[in-house]
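Here are some exercises to work through with the model open beside you. Try each task on your own before reading its solution.

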Amino acid sequence: MKQRRVVVTGIGTLNPLGNSPEEYFDNLEKGVSGVGPITRFDASKFKTRFAAEVKGYNPLDHFDRKEVKKYDLFAQFALVAADQAVKDSGLDLEKTNLENVGVIWASGIGGLGSFFNEVRDFVEGGYTPRMSPFFIPRMIADIAAGHISMKYGFKGPNYCTVSACASSNHAIIDALNIIRNGQADVILTGGSEAAINEPGIGGFNAMSAISTRNDDPQGASRPFDRDRDGFVMGEGAGALMLEEYEHAKARGAKIYAELCGGGMSADAYHMTAPASDGNGARRAMQAALLDAGMKPEDIDYINTHGTSTPVGDVAEILALQATFGDALYNINIGSTKSMTGHLLGATGAIEALAGIMAITRGVVPPTINLQNRDEKIDPKLNLTENVAQKRDVRAVMSNTFGFGGHNSTVIFRKL
């Protein structure tokens with residue numbers, strides 16, 4: 001049986017670089033940093049006092065007061081990005097069989113802010129159990145997928161993928177395979193995260209995982225730089241409307257790109273650190289190439305996981321070299337986390353959009369803050385340093401790797 005093809009027909013996002021795809025793409029191309037002092041809470045007592053926050057967001061611009069009480073911030077972000085993607089796709093909900101439209105959404109943590117606020121109120125209230133009836137629904141990671149399906153009446157496959165920072169790519173891969181297998185014609189997929197709060201920053205500080213460059217927040221996310229000292233926390237959401245190719249053509253939908261492959265693997269190595277030789281990452285990338293029916297030389301741009309951690313960046317470069325060999329010298333490599341920070345479970349979604357930008361605009365976004373390349377990294381590799389590069393991008397690979405040893409890779413190509 002001929003395998004069904006899957007294309008992207010709608011996109012949406014709000015993230016540290018913009019509250020729409022167009023604003024996001026413009027700032028990516030310009031090399032803008034979305035990092036600044038934390039405003040969501042008083043961070044003066046924390047080792048890290050900066051993050052990449054969504055800017056200019058007012059929930060009352062999108063929801064009434066009763067709705068705001070029901071939704072954790074991560075779910076609000078999900079609904080806003082999803083609404084952009086639905087509208088952008090042009091899908092006529094009255095003429096579409098909504099039983100064949102699904103939602104597969106990702107979040108690494110879910111409603112961490114709601115959990116923290118409820119427990120804090122419980123303790124400060126003298127341990128009186130006056131819990132909000134919305135506490136559990138606000139907290140659970142799968143609720144965003146549920147809210148999206150209820151808003152639009154999407155009755156197809158509906159669930160959440162949770163695999164730390166690999167979550168969004170896993171959601172995208174699941175959506176790809178479900179459409180390929182004929183279990184749905186359309187799936188809204190992506191991810192959202194809102195962990196810039198006391199437990200989020202404090203927890204990652206305790207692990208020494210995030211940067212403490214408080215005197216230079218905008219320069220703190222510096223993938224592949226010898227002076228990197230950890231990632232920068234980000235927040236937001238990214239959404240992609242995926243659709244079976246013939247279904248999209250029949251309704252005259254605009255098509256951004258084809259989602260043509262996905263690969264997954266496990267390090268089976270350590271709770272938080274990647275295998276130093278990048279073995280798990282290599283196997284995920286090789287699986288994605290095989291799934292897409294592509295060769296290393298077919299890829300023009302790789303958006304790396306590139307978090308700006310001492311071990312992770314070098315391990316990923318080693319995995320790239322093992323996967324691509326000499327073909328790697330002709331590929332643009334980069335990390336958009338240098339601008340957006342790290343959106344944890346949502347990072348794969350907004351980085352998939354960055355890949356789509358490269359394909360549609362013919363521009364590879366830069367890796368900013370790369371002043372002194374790590375000596376362990378081959379100087380001949382093109383890391384798209386500090387300035388965007390124009391290029392005819394035929395195919396993009398995007399990597400995401402998560403705590404627990406979860407590796408996921410997706411590939412998009414120009415039709």
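**Exercise 1.** Does glycine 146 count as buried or exposed, and why?

*Solution.* Please keep in mind that this is a predicted model. Start by locating the residue: glycine 146 belongs to helix 6, which covers residues 143-152. Next, take its relative accessibility, which is 14%. The limit for buried is under 20%, so glycine 146 counts as buried at 14%. To finish, look at tryptophan 105: in sequence it is 41 residues away from glycine 146, and in space the two C-alpha atoms are 9.1 Å apart.

**Exercise 2.** Find the strands that pair with strand 6, and work out how strand 6 is covered.

*Solution.* Begin with the parallel partner. Strand 4 (residues 101-106) runs parallel to strand 6 and is joined to it by 6 bridges. Within this pairing, valine 101 sits opposite valine 186 of strand 6.

Now take the antiparallel partner. Strand 7 (residues 236-244) is joined to strand 6 by 8 bridges, and glycine 191 has glycine 238 of strand 7 as its bridge partner.

Then check the two faces. One side of strand 6 carries Val186, Leu188, Gly190 and Ser192, the other Ile187, Thr189, Gly191 and Glu193, and all of these are buried. Since 8 of the 8 residues of strand 6 (residues 186-193) are buried, the strand is largely enclosed by the rest of the structure.

**Exercise 3.** Describe the largest nonpolar core and one of its residues with the most contacts.

*Solution.* First, the size: the largest nonpolar core has 42 residues. Those with the most contacts inside it are Val8, Tyr24, Leu28, Leu240, Leu242, Ile356 and Phe412. Helix 13 (residues 347-361) gives the largest share of this core, 8 residues. There is also a second, separate core of 32 residues, with Tyr71, Ala75, Ala82 and Ala144 among them.

Next, zoom in on tyrosine 24. Setting aside residues up to four places away in sequence, its contacts include Thr13, Asn15, Leu17, Thr340, Ile350 and Leu353.

**Exercise 4.** Compare two loop residues, histidine 342 and tyrosine 127: where does each one lie?

*Solution.* Histidine 342 is in the loop between helix 12 (337-340) and helix 13. Its relative accessible area is 1%, so histidine 342 is buried. Beyond its neighbours within four places in sequence, histidine 342 contacts several residues, including Cys165, Phe231, Met233, His305 and Thr347.

Tyrosine 127 is in the loop between helix 4 (112-124) and helix 5 (135-139). With 54% relative accessibility, tyrosine 127 counts as exposed, because the limit for exposed is over 50%.

Definitions and conventions: Residues numbered from 1 in each chain as written. Predicted model: local features only at pLDDT ≥ 70, side-chain atom pairs only at ≥ 80, totals over all residues. Heavy atoms only, no water. Helix = DSSP H or I, 4+ residues; strand = E, 2+ residues; numbered from the N terminus. Buried < 20%, exposed > 50% of the residue type's maximum accessible area, 1.4 Å probe, protein only. Core = buried A, V, L, I, M, F, W, Y, C linked by side-chain atoms within 4.5 Å. Contact = heavy atoms within 4.5 Å. Pairing = 2+ DSSP bridges.
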